Amino acid sequence: MNEKMEKTPRRIGAFKELRIFTTEYIQILLGRKKDLFISLMFPVLAAIIVIWIAGENMFVHYDGTKSGSFVIVSAAIWGGLFNSIQTIVKDRKNVKRYYIAGSRLRCYTGSRAMVQFLLCVVQSAILSLSYVGVAVVYGNDLPEKGLITNYPMLEFYVSILLLMYAADTMGIMISCIVKKEEAANVLAPYILIVQLIFSGILFNMEGAADYISYIMISKWGMEALGSIANLNDLQLKIQMTVPNVPHDFENRFEATSGHLLMVWAVMFGFIVAFLFIGNILLHRVSKDTRE
């Protein structure tokens, strides 16, 4: 009797499923050569803008260095969002079929997150060359030593990578939530604007605004770059002509290894939270009534 019974199909292992989804997604990205080219050219353009517009005064005085850091933070956030905000929503019909067929959605989102991380690794390296460009073009001296290592460029790179990947995983989370590509496109610029407003650079954050700023990756990105650049030790622009003007110490730019490690940990926490929330909310796809 048992021999006549139909065998229940065995579910493939999670690692094999992850590998299948990852290979599939890599092939999809390689097939979209135009989108991939734009993704890789964006940090090149951003680095050129940083060097051209803000580079002359970077590491010369506080104002110029902070402005240059803000441009880099803005570029990293926008680049990360642009990478991923449509990654899942444009494939939502297939996601629903995968889920109904018994696939693990965590493997699906995990494959996207892994490939996007590799993309951010390359993009962040290109964007980090902004600092090298400033030194080469203008002869400005970079920090002699990092806060954790002897290599400040390495710390700038890690900070930009964490920030860009945090923005990328935020885009993945949003792509898991929305049901239409148009909605993702509309949300992206608004998210960037909110991030920049609450970064604490354009406006002073007080009261409720200050509390809100703590959940903005832009704030932590600025803290990381500002600490490595040792903004507190740079003179204000006005001090170059009026030396007696006081320069108040800012805790957010504390140039210590402990502070930088804390900021890195916070940005890593954002990455984990965005991926976890996105994966949980993606399970609502089973209730999606669209064909």
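**Figure 1. Residue classes in the lining of the largest pocket of this predicted model.** The lining of the largest pocket comprises 10 nonpolar, six polar and three charged residues. Of its 19 lining residues, D35, F82, N83, Q86 and K90 lie nearest the centre. Two or more lining residues are contributed by each of the elements α1, α2 (33-54), α3 (62-84), α5 and α7 (181-197). The largest share, four residues, is supplied by α2.

**Figure 2. The second largest pocket and its lining.** The volume of the second largest pocket is about 200 Å³. Its lining is formed by S199, G200, F203, N204, M205, E206, D210, S213, K219, E250 and R252. By class, five of the lining residues are charged, four are polar and two are nonpolar.

**Figure 3. The buried face of helix α4.** Helix α4 spans residues 92-100, and its buried residues are R92, V95, K96 and Y98. Viewed down the helix axis, these buried residues fall within an arc of 160° and therefore line one face of α4. In an α-helix, residues three or four places apart point the same way, because there are 3.6 residues a turn. The packing partners of the buried residues of α4 are α1 (14-31), α5 (105-138), α6 (152-177) and α10 (257-282).

**Figure 4. The exposed face of α4 and the residue G102.** K93, R97 and I100 are exposed on the face of α4 turned away from its buried side. Just after α4, G102 adopts a positive phi of about 100°.

Methods
Residues are numbered from 1 along each chain as its sequence is written. This is a predicted model: local features need pLDDT of at least 70, side-chain atom pairs count only at pLDDT 80 or more; totals for chains, interfaces and linings use all residues. Side-chain values use heavy atoms; hydrogens and water are left out. Buried means under 20% relative accessible area, exposed over 50%, partly exposed in between (1.4 Å probe, protein chains only). The arc is that of the directions from the helix axis to the C-beta atoms. Contact means heavy atoms within 4.5 Å. On a 1 Å grid over the protein atoms alone, a cavity is a set of points where a 1.4 Å probe fits but cannot get out, and a pocket is an open set with protein on both sides within 12 Å along at least five of seven lines; lining residues have an atom within 4 Å of a point. Ala, Val, Leu, Ile, Met, Phe, Trp, Tyr, Cys and Pro count as nonpolar, Asp, Glu, Lys and Arg as charged, and the others, Gly among them, as polar. Grid points are joined across faces, edges and corners, and a volume is the space filled by probe spheres set on the points.
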